[in-house]
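This report concerns aromatic rings and the charged groups placed over them. Please consult the sequence and the structure as you read.

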Amino acid sequence: MDGQLRHMLRDDDVNHDEQKQIIALGLKFRENRFYRRPFEGPQGVAVLFDKPSTRTRSSFSIGVAELGGYPLVIDKSGSQLGRGEPVADTARVLTRMAYGIVWRTFGQERVEEMAKYATVPVVNALTDQFHPCQVLADFMTIAQFRGGVNALAGQTIAYLGDAANNMANSYLLAGATAGMNVRIAGPYGYLPEQSIVDDAKRIAAENGGSILVTTDPREAVEGADCVFTDTWVSMGEEDEYEKRSKPFWDYQVNDELMKLAKPDALFQHCLPAYRGKEVTASVIDGPQSVVWDEAENRLHAQKALLTWLTGQLRGDESLLA
């Protein structure tokens, strides 16, 4: 292999042109699910889960298989990681067997430790801090409905709700990378870390985008091209729903709020969704909602990402386009 080892641990691990290349590749996979098969053999890709999943498990398992490979799906209870084996040791073992490592886990430092010792691409399939695979699919969905990847720059996107979570962080970094105007709205006490906002502003300045963090949901949505939200309660916090949801009711995406966005604005939600809470049924099941295309695009975007990372490692230009 005479290429470059690349990982996708957070959204700014790729630059503007690379992000466009991956999303354009995803659109080609949407047209032809067997467009590229870099894992023919089959070559194994380790897909690790420390957290429950529907879309991530389905999309990576099916995706690796459609790329010609074998998805080795390992739950926390079925690995030595779940019994305290050091991440570095697991990385050293998997990297000698697998052609890629995908991990849905807790702290961001865990995927960073895995990547430090791996000699194959490592993909963050969700951490507490970032969810880059989801946002690649989200932006691919915008490209699908707006005429391609060249339409992404200049789009105004609004995210409402818990703005201190991984989705808000990823929209900031990925949106800045795309050259979008990113607006994040949440209540006091649930806003992004300043260091991530600063990174996003720096990247946005390089790509012609802008960043707004506000506590006013109407300011965020006004004239937006796409409106996003997420559940107000993360996995593991369901027992605290009544307490945790109180600050967020003003950020519910409903018909009144959607009227402030552009008339043809898209609505997206990374799912699972709780109708009547972070979004009303009339919005998520309405004509502006593209959540099912968005969910499907997890498959295509992740196949594109794995193919692109593999192309980088192998120095194979045919896998990059």
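Is Tyr35 buried, partly exposed or exposed? In this predicted model, Tyr35 has a relative accessible area of 22% and is therefore partly exposed, because the buried class requires a value under 20%.

A search of the whole structure finds six aromatic pairs. In one of them, Phe29 and Tyr35 are arranged edge-to-face, with 90 degrees between the planes and 5.9 Å from centre to centre.

The rings of Tyr171 and Phe228 form a tilted pair, because their planes stand at 40 degrees, with the centres 4.4 Å apart. This pair links distant parts of the chain. Tyr171 belongs to helix α6 (residues 166–178), while Phe228 lies in strand β8 (residues 226–229), and the two are 57 residues apart. Both Tyr171 and Phe228 are buried.

A pair of aromatic rings is described by two quantities, namely the distance of the centres and the angle of the planes.

Ring pairs also join several residues into a cluster, whose members are Tyr190, Trp232, Phe248 and Trp249.

The charged end of Arg57 sits over the ring of Phe49, and that of Lys303 sits over the ring of Phe34. The table gives the distances.

| Charged residue | Ring | Distance from charged end to ring centre |
|---|---|---|
| Arg57 | Phe49 | 4.5 Å |
| Lys303 | Phe34 | 5.8 Å |

Terms used:
Residues are numbered from 1 along each chain as its sequence is written. This is a predicted model: local features need pLDDT of at least 70, side-chain atom pairs count only at pLDDT 80 or more; totals for chains, interfaces and linings use all residues. Side-chain values use heavy atoms; hydrogens and water are left out. Rings of Phe, Tyr and Trp (its six-membered ring) pair if their centres lie within 6.5 Å; planes under 30 degrees apart count as stacked, over 60 as edge-to-face and the rest as tilted. Buried means under 20% relative accessible area, exposed over 50%, partly exposed in between (1.4 Å probe, protein chains only). Helices (H or I, at least four residues) and strands (E, at least two) are DSSP runs, numbered from the N terminus. A charge sits over a ring if NZ of Lys or CZ of Arg is within 6 Å of the ring centre and within 35 degrees of the ring normal.
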